[in-house]
Amino acid sequence: MRRGRWAALALGLLRLCLAQANFAPHFFDNGVGSTNGNMALFSLPEDTPVGSHVYTLNGTDPEGDPISYHISFDPSARSVFSVDPTFGNITLVEELDREREDEIEAIISISDGLNLVAEKVVILVTDANDEAPRFIQEPYVALVPEDIPAGSSIFKVHAVDRDTGSGGSVTYFLQNLHSPFAVDRHSGVLRLQAGATLDYERSRTHYVTVVAKDGGGRLHGADVVFSATTTVTVNVEDVQDTAPVFVGTPYYGYVYEDTLPGSEVLKVVAMDGDRGKPNQILYSLANGSDGAFEINETSGAISITQSPAQLQREVYELHVQVTEMSPVGSPVAQATVPVTIRIVDLNNHPPTFYGESGPQNRFELSMNEHPPQGEILRGLKITVNDSDQGANAKFNLQLVGPRGIFRVVPQTVLNEAQVTIIVENSAAIDFEKSKVLTFKAVDPDTGPWGEVKYSIYGTGADLFLIHPSTGLIYTQPWASLDAEATARYNFYVKAEDMEGKYSVAEVFITLLDVNDHPPQFGKSVQKKTMVLGTPVKIEAIDEDAEEPNNLVDYSITHAEPANVFDINAHTGEIWLKNSIRSLDALHNITPGRDCIWSLEVQAKDRGSPSFSTTALLKIDITDAETLSRSPMAAFLIQTKDNPMKAVGVLAGTMATVVAITVLISTATFWRNKKSNKVLPVRRVVRKRPSPAPRTIRIEWLKSKSAKAATKFMLKEKPPNENCNNNSPESSLPPRAPALPPPPSVAPSTGAAHWTVPTVSGSLTPQPTQPPPKPKTMGSPIQSTLISELKQKFEKKSVHNKAYF
């Protein structure tokens with residue numbers, strides 16, 4: 001009995017304890033891939049939109065009590081999720097970025113009101129293809145010798161993509177398929193294509209656009225592919241592969257009879273065709289000189305070795321050979337140019353008279369007086385000859401003696417002539433008057449009358465010299481002529497004979513331009529904005545002085561795709577092909593790209609040898625509809641290529657505003673200066689007790705202020721036109737008079753506002769007997785104000801208006 005009683009008691013106590021116990025709630029563990037439970041092994045894509053319902057916390061309480069859910073984060077971390085405490089719905093409240101944070105730690109908890117169970121969970125952030133490739137270690141510049149073999153590696157570009165999987169893999173390709181270069185799609189190594197060559201003289205710089213593209217992936221439910229571009233600048237290094245080039249051809253030289261042996265005749269100039277690293281140039285005479293000329297092997301100056309009288313030919317055709325020497329002293333390349341040297345005769349041989357037995361300077365003849373008019377003196381056999389050549393052998397004949405008796409024929413001779421003397425005045429041949437007549441046959445261009453000396457002077461003569469006897473003009477030895485700096489010189493030449501007679505002529509010398517300047521673009525990389533239907537223009541300047549050396553032709557050397565743009569070869573204007581009339585047409589040609597294209601434009605002059613240069617042009621294409629949406633947007637787009645234009649418009653607007661402000665301020669200043677009266681200072685408003693009836697008030701004012709008002713007289717000052725008065729009083733404004741104290745009158749029945757006006761002017765004391773001091777009105781100034789008020793009140797009363 002006792003044992004059974006104890007067993008029953010124990011069972012009852014157990015039941016009582018079980019009834020009072022409250023078990024804690026717990027989460028359901030629904031495993032991997034579940035979106036309902038305790039977030040065990042839960043993952044979330046990084047492109048999940050903010051505000052999405054991503055998970056539902058779910059659990060139970062053993063006693064079936066209501067439960068609530070909570071989520072919290074470390075104070076140093078972001079609160080990425082929020083939870084509905086009743087239903088356990090978890091919402092994403094901040095954007096995810098796997099590249100910045102690939103897992104999120106959180107503490108979730110469940111509570112039944114008495115018990116709270118918390119668990120630490122890790123949410124994995126999975127990758128989405130939201131990162132574009134990015135080139136590192138830019139800019140890319142490569143220096144490549146022009147003789148690099150085809151297929152050789154030139155440079156390596158490298159781009160990274162922070163995505164994982166296919167979205168993080170990067171492949172490379174060139175934007176221009178017609179480029180002489182190629183790129184390895186996996187490694188990014190840039191190579192010279194098979195069969196392609198580089199030429200420093202044709203193009204010194206190449207701009208290669210490389211595109212890096214990822215492997216694609218999902219982003220916001222769609223398949224996307226990202227890409228990035230970069231430009232590799234390939235500078236071509238010059239190597240010795242071009243023969244020397246002569247400058248200033250053709251070459252002509254002249255030798256005169258008075259030229260001394262060893263004198264320089266002319267100079268030939270050659271330069272290495274490889275302009276980047278030129279080699280030494282040596283000159284030599286190949287043939288044609290016959291020992292009469294020699295050349296300086298380093299300067300190219302050709303000199304005569306013999307006296308001109310010893311030369312056997314009138315014209316020499318020389319062949320000058322130039323040899324390019326390598327740094328080690330061995331010949332690399334050669335070139336030959338012809339040089340023509342002409343032997344020029346001088347006017348240094350006087351005419352010579354010959355008789356039957358040779359040179360003769362005296363001829364005699366006997367004749368009868370008064371021979372017939374026009375008779376030839378047949379007894380004289382005179383021949384004259386000038387051994388000069390060409391125009392120098394031309395001379396005139398005249399008789400020096402009594403005039404009008406004889407006439408010589410011919411009067412002008414070239415080289416040689418038979419001299420005939422004819423009677424012109426028979427009456428003058430009179431034996432009784434003169435038994436002997438003496439004459440000279442004279443060439444006025446010879447002897448002391450024909451010696452001419454030349455000289456030059458003037459502002460343009462500093463660089464030139466003239467031979468004093470031959471008149472040959474040549475340059476100073478130190479002179480350096482440049483057609484781009486000065487293309488035309490002029491000075492004066494003076495020719496003077498021995499008698500001091502002279503003549504002056506002006507000489508103009510024009511330099512012939514040599515193509516020694518390549519065309520130059522303003523910038524090697526230019527940006528332009530093109531509106532559909534309107535061309536853009538690129539321009540290069542050639543600093544050569546003359547055509548065709550400074551004429552520039554334009555061409556598009558590289559473009560992708562190649563069928564989008566055309567260029568005017570003469571003006572440099574670039575426009576879209578006629579088949580492209582909308583932005584949609586552009587997108588159809590290049591799907592997946594924006595409206596920005598890169599072109600390589602070449603500018604080449606027409607000189608010989610020809611020079612060229614290239615520039616990279618980036619064109620942003622828009623349409624007129626976009627420009628018409630907003631005037632400000634149109635202005636910004638139009639000034640995109642020229643930021644200084646926008647700055648200029650802004651500066652102009654500010655300058656206009658400042659100018660208007662200055663004009664208004666100046667006008668206001670001068671208006672106030674012309675009217676320099678003292679203006680009223682202010683109106684004073686005070687509360688005073690209500691006065692007696694109007695008639696009593698006016699009478700009181702009349703009686704109390706009549707005497708005090710006589711002390712001061714109100715005078716109107718004339719306007720002061722000169723604001724620059726030096727008196728100290730004129731520089732200070734008048735003081736406002738003090739207000740009068742309230743008079744002792746009948747008590748007021750109420751308060752009222754009244755106004756005391758002030759008056760511009762001056763108060764001048766009377767020089768006569770001063771009036772007695774008022775007993776109740778205070779100071780004389782106060783009495784004056786009362787007088788003014790009295791006059792105001794009387795005028796107002798006439799119009800039935802009162803202030804009180």
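This is a predicted model: local features need pLDDT of at least 70, side-chain atom pairs count only at pLDDT 80 or more; totals for chains, interfaces and linings use all residues.
Trainee: What describes a pair of aromatic rings?

Mentor: Two quantities do: the distance of the centres and the angle of the planes. Now take this structure.

Trainee: How many aromatic pairs does a search of the whole structure find?

Mentor: The search finds 11 aromatic pairs. Start with F246 and Y251. Their ring centres are 6.5 Å apart and their planes stand at 75°, so this pair is edge-to-face. The cut-off behind that label is an angle over 60 degrees.

Trainee: Are F246 and Y251 buried or exposed?

Mentor: Both F246 and Y251 are buried.

Trainee: What are the distance and angle for F464 and F491?

Mentor: The distance is 5.3 Å centre to centre, with 35° between the planes. That aromatic pair is tilted. It links distant parts of the chain, 27 residues apart. F464 sits in strand 41 (residues 464-466), and F491 sits in strand 43 (residues 488-497).

Trainee: Why does F491 count as buried?

Mentor: F491 counts as buried because its relative accessibility is 0%. The cut-off for buried is under 20%.

Trainee: Which residues form an aromatic cluster?

Mentor: F135, Y140, F155 and Y172 form one aromatic cluster.

Trainee: On to sheets. How do strands of a sheet pair?

Mentor: Through backbone hydrogen bonds, either parallel or antiparallel. Follow strand 33 (residues 382-385) here. It pairs with strand 31 (residues 352-355) in the antiparallel sense over 3 bridges. Across that pairing, F353 stands opposite V384. Strand 33 also pairs with strand 38 (residues 416-423), antiparallel again, over 4 bridges. There, T383 has Q418 as its bridge partner.

Trainee: What is the order of the open sheet of 3 strands?

Mentor: The order is 40-43-44, with antiparallel pairing. Strand 40 (452-457) and strand 44 (502-510) stand at the edges. Each has a single partner strand, so one side of each is left without a neighbour in the sheet. Neighbouring strands of this sheet are turned by 25° against each other on average, direction ignored.

Trainee: How many bridges pair strand 40 and strand 43?

Mentor: They pair over 6 bridges, in the antiparallel sense. In that pairing, S455 stands opposite K494 of strand 43.

Trainee: Now cavities. What does rolling a probe over the atoms show?

Mentor: A probe the size of a water molecule shows where empty space is left. In this structure, the search finds 4 cavities of 30 Å³ or more. The largest cavity holds about 160 Å³ of space. Its lining has 17 residues, and the closest to its centre are N176, Y207, V208, T209 and H558.

Trainee: Which strand supplies the largest share of the lining of the largest cavity?

Mentor: Strand 18 does, with 4 residues. Strand 18 (205-214), strand 49 (552-559) and strand 52 (596-605) each supply at least two lining residues. By class, the lining has 8 nonpolar, 7 polar and 2 charged residues.

Note on methods:
Residues are numbered from 1 along each chain as its sequence is written. Side-chain values use heavy atoms; hydrogens and water are left out. Rings of Phe, Tyr and Trp (its six-membered ring) pair if their centres lie within 6.5 Å; planes under 30 degrees apart count as stacked, over 60 as edge-to-face and the rest as tilted. Buried means under 20% relative accessible area, exposed over 50%, partly exposed in between (1.4 Å probe, protein chains only). Two strands pair if DSSP finds at least two bridges between them. Axes are lines fitted to C-alpha atoms, for helices over the stretch in contact, and angles run from 0 to 180 degrees between N-to-C directions. On a 1 Å grid over the protein atoms alone, a cavity is a set of points where a 1.4 Å probe fits but cannot get out, and a pocket is an open set with protein on both sides within 12 Å along at least five of seven lines; lining residues have an atom within 4 Å of a point. Grid points are joined across faces, edges and corners, and a volume is the space filled by probe spheres set on the points. Ala, Val, Leu, Ile, Met, Phe, Trp, Tyr, Cys and Pro count as nonpolar, Asp, Glu, Lys and Arg as charged, and the others, Gly among them, as polar.
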